[in-house]
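Visitor: I would like to learn how to read a model like this one. Where do we begin?

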Amino acid sequence: MHGYRFGERALAVYLSSITGFIDALGFLYLGGFFLSFMSGNTTRLTAAFAEGAWEVVGKAAGVMALFLVGVMIGALISRLGHRHLPPTRPREAVLLFICLTATIASIWVVTGEELPAVLSLSFTVGAMNSIFERDGEVSISLTYMTGTLVKMSQRFVGAFFGGSHRDWIGYFLLWVSLAVGAVFGGWCFTTIGLKAVWVVTAMIIGGTAVALLNRHRRRVAGLHV
């Protein structure tokens, strides 16, 4: 999380909680498939392939495909944004895009299209990976916590060899946020069912609104965005 100001780091932590919410919701609804944890889906796919459980293979492959398409669309929006928009606008374009896809998921819940609503959230969370991007690469991980925990552990050791404790704490907060979001998402699903999709959509839109207002305030004040 080096090189990001406090507000950006706070946004990353908040979005990590949304990732956890979506993953828990999807895991419970789909019966053990993940909407953002593709390592888990890969393990399920390959194990099912070995057993000849083709229905499981199809479900895992389908979720993974949606996630990857979301990543590619998010990256495309970011790349086109850097080419055609002012330098500080591409992140905002990706944020608005995930608001749109989450809203579509909520509409599908209202119309009774439950499975498309849940699966489309994998597309949404895939696109989220392009919110924090530098030179075409993810600079802050929002959806894969294994790498985050590895970095946290490395920075923790590094803090005793001249590094800053702030480095590992930042990664720790990302993980904690995802865990708390997953607990909240699981609770919402077991309490109100797929109306939980409305909750996560509200979280995404609310977080985006706060981020855009803050970025506008900084522009007006002549601060770096």
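Guide: Begin with helix length. The expected span of a helix is 1.5 Å times one less than its number of residues. Helices (H or I, at least four residues) and strands (E, at least two) are DSSP runs, numbered from the N terminus. Now the case: helix α6, residues 145–158, has 14 residues. From first C-alpha to last, α6 reaches 19 Å, close to the 20 Å expected.

Visitor: What kind of model is this, and how are residues numbered?

Guide: This is a predicted model: local features need pLDDT of at least 70, side-chain atom pairs count only at pLDDT 80 or more, and totals for chains, interfaces and linings use all residues. Residues are numbered from 1 along each chain as its sequence is written, and side-chain values use heavy atoms, with hydrogens and water left out.

Visitor: Which residues of α6 are buried?

Guide: Buried means under 20% relative accessible area (1.4 Å probe, protein chains only). In α6 these are M145, T148 and M152. They cover an arc of only 50 degrees around the axis, so they sit on the same side of α6. That arc is taken from the directions from the helix axis to the C-beta atoms. The general idea: an α-helix has 3.6 residues a turn, so residues three or four places apart point the same way.

Visitor: What do the buried residues of α6 pack against?

Guide: Contact means heavy atoms within 4.5 Å. The buried residues of α6 pack against α1 and against α7, residues 165–192.

Visitor: Where does UniProt place the transmembrane regions?

Guide: The unreviewed UniProt entry places them at residues 12–37, 57–81, 93–111, 168–189 and 196–213. Positions use the numbering here, feature names are shortened, and annotations may be inferred rather than shown by experiment. In the model, residues 168–189 are 100% helix, with end C-alpha atoms 32 Å apart. Residues 196–213 are also 100% helix, with ends 26 Å apart.

Visitor: How much of the chain is buried?

Guide: Of the 225 residues, 44% count as buried.

Notes: Buried < 20%, exposed > 50% of the residue type's maximum accessible area, 1.4 Å probe, protein only.
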